[in-house]
Amino acid sequence: MGWLVQILGGGLAGQLREAYEARLRAANDADRIAAEIRIAELQERQANRALGGRLTAWVQAAWAAPFILYNAKLLIWDKV
């Protein structure tokens, strides 16, 4: 079941929690900065996952293609 949780995004939340804990446990500024960089990377991955990534981009393009093709037909074929 652990692999299913990681696929669905549970692993990202756990990594983010560990990064926040590492920032709190930082002994010096270098450790704190490294933890903050890790937190920023994980938050970016989380935001990208919320947007859907490449699969969503392909689905959006597939939905837009008929509209684009129809308008191109109107402008090119019907005007000529």
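Before you start clicking, one term: buried means under 20% relative accessible area, exposed over 50%, and partly exposed in between (1.4 Å probe, protein chains only). You're looking at a predicted model, where local features need pLDDT of at least 70 and side-chain atom pairs count only at pLDDT 80 or more, while totals for chains, interfaces and linings use all residues. Residues are numbered from 1 along each chain as its sequence is written, and side-chain values use heavy atoms, with hydrogens and water left out.

**Stop 1**

Select Arg-25, which is exposed at 60% relative accessibility. Helices here are DSSP runs (H or I, at least four residues), numbered from the N terminus.

**Stop 2: helix 3**

Hop over to Asp-29, exposed at 53%. Asp-29 pairs with Arg-32 in a salt bridge, their closest N and O atoms 3.6 Å apart. Further along, pick Arg-38 and Glu-41: another salt bridge, at 3.9 Å. Both lie in helix 3, three residues apart, about one turn.

Next, Gln-43, also in helix 3 (residues 29-51). What does Gln-43 contact, leaving aside neighbours within four places in sequence? Show Leu-16 and Tyr-20: those are the contacts, meaning heavy atoms within 4.5 Å.

**Stop 3: helix 4**

Finish at Val-59 in helix 4 (residues 53-78), partly exposed at 40%.

Note on methods. Helix = DSSP H or I, 4+ residues; strand = E, 2+ residues; numbered from the N terminus. Salt bridge = Lys/Arg side-chain N within 4 Å of Asp/Glu carboxyl O.
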